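Try each task before you peek at the solution below it.

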Amino acid sequence: MADLSFLDSSDFALPSYFSPKEDLNPDFSETLSFPTPQDLVAKGTAEAKKLHQFAKGTTTLGFVFQGGIIIAVDARATMGSFIGSNKVKKVIEINDYLLGTMAGGAADCFYWETNLARVCRMYELKNGERISVGGAAKILCDMVGQYRGYGLSMGTMIAGWDHKGPGLYMVDDDGIRLKGDLFSVGSGSVYAYGVLDSHYRFDMSLDEAVQLGRRAIYHAGHRDAMSGGVVRVYHVHQNGWTNVIVAEDINLIHDIHEEEKGMKNLDDQVTFKH
Amino acid sequence: MDTLFGFVGKDYVLVAADRAAQFSIVKLLDSDDKITELDGNKLLAAGGDTADRINFSDLMQKNIHLYYYRNSVKLTTESTANFIRTVISENLRKKPAFADLLIGGIDNEPGLYYLDYLGVMQKVRKAAHGHAGHFLYGLMDNWWKPDLTLDEGKEIARKCIEQVRTRFLINQRKFVVKVVSKDGITLLDFD
């Protein structure tokens, strides 16, 4: 995954070989006797990053449509360039009506989402009613927000159906909590967005929506080294959730795709024949 | 990278913000409302780090409302701005939040306060935050005059939004524009 830390600095438009500290006026913080907030947060994050070399190597996506919510995920777990597994379950079944996806550190996601399941159950027992999706997302956001700068890596989507209808929230280890109709999280998300944005319509049928989720994960798994394995698709509806596609191999989808486009015998050439 | 701008009119304050919620190189949402409403008569626009601006403005909104529930009095714009500034400076060397703010409200006179993440506060007539804000200062200085009517203010806001769309490298097409006056808060349609 490319190093995107340049986006955090105030002069992100400068090329990477240009080092403002030496070439331009001294950095603002050098003139101050105390560290700026950016320094403090950068220091903490840098230290945390050294401890835990996580990148969110995965592709997960979710979108709301007329029939509910579709959640689609890949199944690859990587540690650097080593593929640990191609069959990981990246959708955590929090309870009968809430699903959480996993992107980032597997342990972080699994632990905090299972903890969320426990808190949601306590809420049900204490209040005699199910917790709302937004409430569950807020609880998760606040739990991980306390550990901000400590190196947690978790980019998850909480999807469920409550009294307000379908709800899809994106919760991140930075403390971001956003409600939306379409999200994709992970290193392969950029590839999935292209496919999703091309075909997404709110009034899709269930079949179209499932195929869209499956297709977007396939494209992301094909292009992103850290995504792949099998596609899993879930459908969240009024009566809970259903696992629509349990495990469909991305390589097999690729073969079908090539067949459809008549590309089976096309190769990529490195040099041209004269 | 969030663009915020605002200015004071004859009997109103106009505050605007872009609608993109940013996460790394991805635009997560096209419909994010970055202007929180305090007490129904003040506006708090926040820009900067996505998590910090949402959490900080929610925290300030709830604290302002708590003050009202406890004391049955709505804070003036000046008191609100000073309260928020105190929170920012107290946390600056403990748990800083990267959020630049614009606070607009109307007591007897309309007032706009510029507040940045370091705790710099100033009562101003026009202000902007973000990279695109640099384009807008010259524009606002050129067109702003004292005692602007609402129509003149809408025209200036429209010019500012067009300028961001034309000149800023990052695609920020959609904006949310809110006006606070003695009648309350109005959402203007600028698409």
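This is a predicted model: local features need pLDDT of at least 70, side-chain atom pairs count only at pLDDT 80 or more; totals for chains, interfaces and linings use all residues.

**Exercise 1. Chain A overall**

Task: Find how many helices and strands chain A has, and what share of its residues is buried.

Solution: 
- Start with the secondary structure: chain A has 8 helices and 12 strands.
- Next, look at burial. Of the 274 residues in chain A, 44% are buried.
- Finish with the contacts. Take those in chain A between residues at least 6 apart in sequence: 60% of them join residues at least 24 apart.

**Exercise 2. A residue from a record**

Task: Locate Thr58(A), decide whether Thr58(A) is buried or exposed, and list what Thr58(A) touches.

Solution: 
- First, the record: an unreviewed UniProt entry lists Thr58(A) under "active site".
- Now the location. Thr58(A) sits in a loop of chain A, between helix H3 (37–51) and strand S1 (60–65).
- Then the burial. Buried means under 20% relative accessible area, and Thr58(A) has 2% relative accessibility, so Thr58(A) counts as buried.
- Last, the contacts. Skip residues up to four places away in sequence, and the residues that Thr58(A) touches include Asp74(A), Lys90(A), Met102(A), Asp224(A) and Ser227(A).

**Exercise 3. A helix in chain B**

Task: Compare the reach of helix H1 of chain B with the expected span, then find what its buried residues pack against.

Solution: 
- Helix H1 (residues 50–71) of chain B has 22 residues.
- From first C-alpha to last, H1(B) reaches 32 Å, close to the 32 Å expected at 1.5 Å a residue.
- Now pick out its buried residues; among them are Ala51(B), Ile54(B), Phe56(B), Met60(B) and Ile64(B).
- In chain B, the partners of those buried residues include strand S6 (42–48), helix H2 (77–91) and strand S7 (99–106).
- After H1(B) comes Ser72(B), with a positive phi near 55°.

**Exercise 4. A loop residue in chain B**

Task: Place Leu118(B) in chain B and state its separation from Lys10(B).

Solution: 
- Leu118(B) is in the loop between strand S8 (110–115) and strand S9 (121–124) of chain B.
- At 19% relative accessibility, Leu118(B) counts as buried.
- Leu118(B) and Lys10(B) are 108 residues apart along the chain, and their C-alpha atoms are separated by 30 Å.

**Exercise 5. The cavity**

Task: How many cavities of 30 Å³ or more does a search of the whole structure find, and which residues line the largest cavity?

Solution: 
- The search turns up 1 cavity of 30 Å³ or more.
- The largest cavity holds about 30 Å³ of space.
- Its lining residues include Asp18(B), Arg19(B), Ala20(B), Asn171(B) and Lys174(B).
- Sort the lining by class and you get 1 nonpolar, 2 polar and 6 charged residues.

Notes: Residues are numbered from 1 along each chain as its sequence is written. Chains are lettered from A and ligands numbered from 1 in the order in which they are written. Side-chain values use heavy atoms; hydrogens and water are left out. On a 1 Å grid over the protein atoms alone, a cavity is a set of points where a 1.4 Å probe fits but cannot get out, and a pocket is an open set with protein on both sides within 12 Å along at least five of seven lines; lining residues have an atom within 4 Å of a point. Grid points are joined across faces, edges and corners, and a volume is the space filled by probe spheres set on the points. Ala, Val, Leu, Ile, Met, Phe, Trp, Tyr, Cys and Pro count as nonpolar, Asp, Glu, Lys and Arg as charged, and the others, Gly among them, as polar. Helices (H or I, at least four residues) and strands (E, at least two) are DSSP runs, numbered from the N terminus. The expected span of a helix is 1.5 Å times one less than its number of residues. Buried means under 20% relative accessible area, exposed over 50%, partly exposed in between (1.4 Å probe, protein chains only). Contact means heavy atoms within 4.5 Å. UniProt positions are given in the numbering used here, feature names are shortened, and annotations may be inferred rather than shown by experiment.
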